[in-house]
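Here is a protein to look at, followed by some questions about the words used to describe it.

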Amino acid sequence: MPGGVLAGRTAVTYSEVAEHPLVGLDAGSSLRRWIERHLGPHAPVVRHRTTVADLNILVALAAAGVGLAVVPRRAVAPGSALDVCALREPWARRHHLLAWGVKDGPASAAAVALAEHLREAALADGGSVGG
């Protein structure tokens, strides 16, 4: 929410975030499991006001001022009514790879075309794709 507790910051630590009420994804979500796995046993205790199953609802709750939310950057639409800043922890920078293969013979034309499309989209978005 613009003008909120972290307004104007370009980066924060997760410990700073955990000092404030949060809205989060349900315990079974892959993002929440990722965060909890990387925080370790000495992580600050998080105070969730509520948890939800859907990333869009999570962003909407944060925009409504219900609490802070840790979300992928792409979950926040450009021009939305949210202040955003990066998390400083190395685990917050996730790198994804596209992998495919077949045991016998070459990949299908559809798989090759999809991989090429995704590679080009990542490069156009400023990402890097390993070879």
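**Terms and values**

Just after α2, G40 takes a positive phi of about 85 degrees. This is a predicted model, in which local features need pLDDT of at least 70 and side-chain atom pairs count only at pLDDT 80 or more, while totals for chains, interfaces and linings use all residues. Residues are numbered from 1 along each chain as its sequence is written, and side-chain values use heavy atoms, with hydrogens and water left out.

Q: Why is T10 called exposed?
A: Exposed means over 50% relative accessible area, buried under 20%, and partly exposed in between (1.4 Å probe, protein chains only). T10 has a relative accessible area of 67%, so T10 is exposed.

Q: What does T10 touch, not counting residues up to four places away in sequence?
A: Contact means heavy atoms within 4.5 Å. By that rule T10 touches C85 and A86. T10 and A86 are 76 residues apart in sequence, yet their C-alpha atoms are 6.3 Å apart in space.

Q: How do you know that the buried residues of α2 line one face of the helix?
A: The buried residues in α2 are L31, R32 and I35. Seen down the axis, they fall within an arc of 100 degrees, so they line one face of the helix. The arc is that of the directions from the helix axis to the C-beta atoms. Among the elements that cover these residues are α1, β2 and β3.

Q: What makes a set of residues a nonpolar core?
A: Its members are buried Ala, Val, Leu, Ile, Met, Phe, Trp, Tyr and Cys residues joined through side-chain atoms within 4.5 Å. The largest such core here has 15 residues, of which Y14, V17, I35, V70 and L87 touch the most other members. α1, β2 and α2 each supply at least two residues of this core.

Q: What makes a space a pocket?
A: On a 1 Å grid over the protein atoms alone, a pocket is an open set of points with protein on both sides within 12 Å along at least five of seven lines, and lining residues have an atom within 4 Å of a point. The second largest pocket holds about 220 Å³ of space, a volume being the space filled by probe spheres set on the points. Of its 18 lining residues, the closest to the centre are Y14, R32, I35, E36 and H48. α2 gives the largest share of this lining, five residues.

Terms used
1 Å grid on protein atoms, 1.4 Å probe; cavity = no way out; pocket = protein on both sides within 12 Å on 5 of 7 lines; lining within 4 Å. Helix = DSSP H or I, 4+ residues; strand = E, 2+ residues; numbered from the N terminus.
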